[in-house]
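Subject: Structure for you to look at

Dear colleague,

Here is the structure I promised to send over, and my notes follow directly below it. Please keep the two side by side as you read.

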Amino acid sequence: MSVSRLLLVGSLGFLTFSQLPAADESVPAVENNKPATPLAFSWVHVDGPYVALTFDDGPSAKLTPKLLDLLAARQIKVTFFVIGQNVAENPEVVARAAREGHEIGNHSWSHPNLAKMSDEAVRRELQKTDEAIRSATGNRPTLLRPPYGSITTREKKWIANEFGYKIILWDVDPLDWKRPGSTVVCNRIVRNTRAGSIILAHDIHPGTIEAMPATIDQLQSKGFKFVTVSQLISMAVPETPKPVESKRGHTPTTGHPASPGSTVNDRPTHSISSPSPNG
Ligand SMILES: [Zn+2]
């Protein structure tokens, strides 16, 4: 393999390095004979062209309402993973998002690396945000996206037990926090989205908001339909073993082929326990 080929594979791999199995951790369920309950999702195996758009780190007093306007015009529901201290500053923005049918998830109070904190400190981060969301919307969140996607397996388990949260990661990452421009953000999302994808974006960057009309239009023209993360999870169907696909389809399929940059059969299986710059 040439150096340039290696570099290409490497850079593409970086774009989608966070691609993980749909459920990378499970609660053992040997005693009650029930199927294992997934603790974490980076995508969902669904029987239809459904995807979830997610927006982290808001609400932004200026940008989130712009996003809500364009989502309302297109009648699209998304999921916001909000930072508690931003909710406290802009509760009316979160209230509007919930009122308009969007899902609100917990993204911690101050965006720390949960994997490096004590349980007590993590608990405070999550509890304060849970309360801020409930105060703004009237409802408790049921989803957590850990900042940077960083969380230990042990934390996933006790947080699921104590808060009832599902841990939501992502499989499509346009690296919009680097502010590469709206066209690049759009192209990266459209190129990498599959049926069942959970798409990561941030409603605190102007270019991300600017990218959304074209991104939504192009995904819809490819046949994708937008749902909230909880709706996507509720559509999950069991994965059945099938021959490894070596080529990607050009239309939404129910499968979840290997990502570009990965070779067949090498769907990444690492667990996210160290911080990445995103999330
Ligand atoms: Zn974040």
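Glycine 101 follows helix 4 and has a positive phi, near 95°; helices here are DSSP runs of H or I with at least four residues, strands are runs of E with at least two, and both are numbered from the N terminus. Please bear in mind that this is a predicted model, in which local features need pLDDT of at least 70 and side-chain atom pairs count only at pLDDT 80 or more, while totals for chains, interfaces and linings use all residues. Residues are numbered from 1 along each chain as its sequence is written.

Within helix 4, Val93, Val94 and Ala97 are buried, where a residue is called buried if 20 or more other C-beta atoms lie within 10 Å of its own, exposed if 12 or fewer do, and partly exposed in between, with C-beta atoms placed from the backbone. These three cover an arc of only 95° around the axis, which puts them on the same side of helix 4; the arc is that of the directions from the helix axis to the C-beta atoms. The face turned away from this buried side carries the exposed residues Glu92 and Arg99. The buried residues of helix 4 pack against helix 2 (63-74), strand 5 (79-82), helix 3 (84-89), strand 6 (103-106) and helix 5, contact meaning that the C-beta atoms of two residues, placed from the backbone, lie within 7 Å.

Helix 4 (residues 91-99) and helix 5 (residues 119-137) pack at an angle of about 70°, their axes being 8 Å apart. That makes helix 4 roughly perpendicular to helix 5, since angles of 65 to 115 degrees count as roughly perpendicular, those under 35 as roughly parallel, those over 145 as roughly antiparallel and the rest as oblique. The axes are lines fitted to C-alpha atoms, for helices over the stretch in contact, and the angles run from 0 to 180 degrees between N-to-C directions. On the side of helix 4 the contact is made by Pro91, Val94, Ala95 and Ala98, and on that of helix 5 by Ile133, Ser135, Ala136 and Thr137.

The axes of helix 5 and helix 6 (residues 153-163) come within 12 Å and cross at roughly 45°, and the two helices are therefore oblique to each other. Here helix 5 contributes Asp119, Val122, Leu126 and Asp130, and helix 6 contributes Glu155, Trp158, Ile159 and Phe163.

Some backbone details also deserve a look, given that most residues other than glycine have a negative phi, and most peptide bonds are trans. Glutamine 75, in the loop between helix 2 and strand 5, has a positive phi near 55° and is exposed, with 9 other C-beta atoms within 10 Å. Serine 108, in the loop between strand 6 and helix 5, has a positive phi of about 80°, but serine 108 is buried, with 24 other C-beta atoms within 10 Å. A cis peptide bond, with omega about 0°, joins glycine 58 to proline 59, and proline 59 is placed in the loop between strand 4 and helix 2.

Lastly, alanine 52 belongs to strand 4 (residues 50-56) and is buried, with 27 other C-beta atoms within 10 Å. Leaving aside residues up to four places away in sequence, alanine 52 touches Thr79, Ile198, Ile199, Val227, Thr228, Val229 and Leu232.
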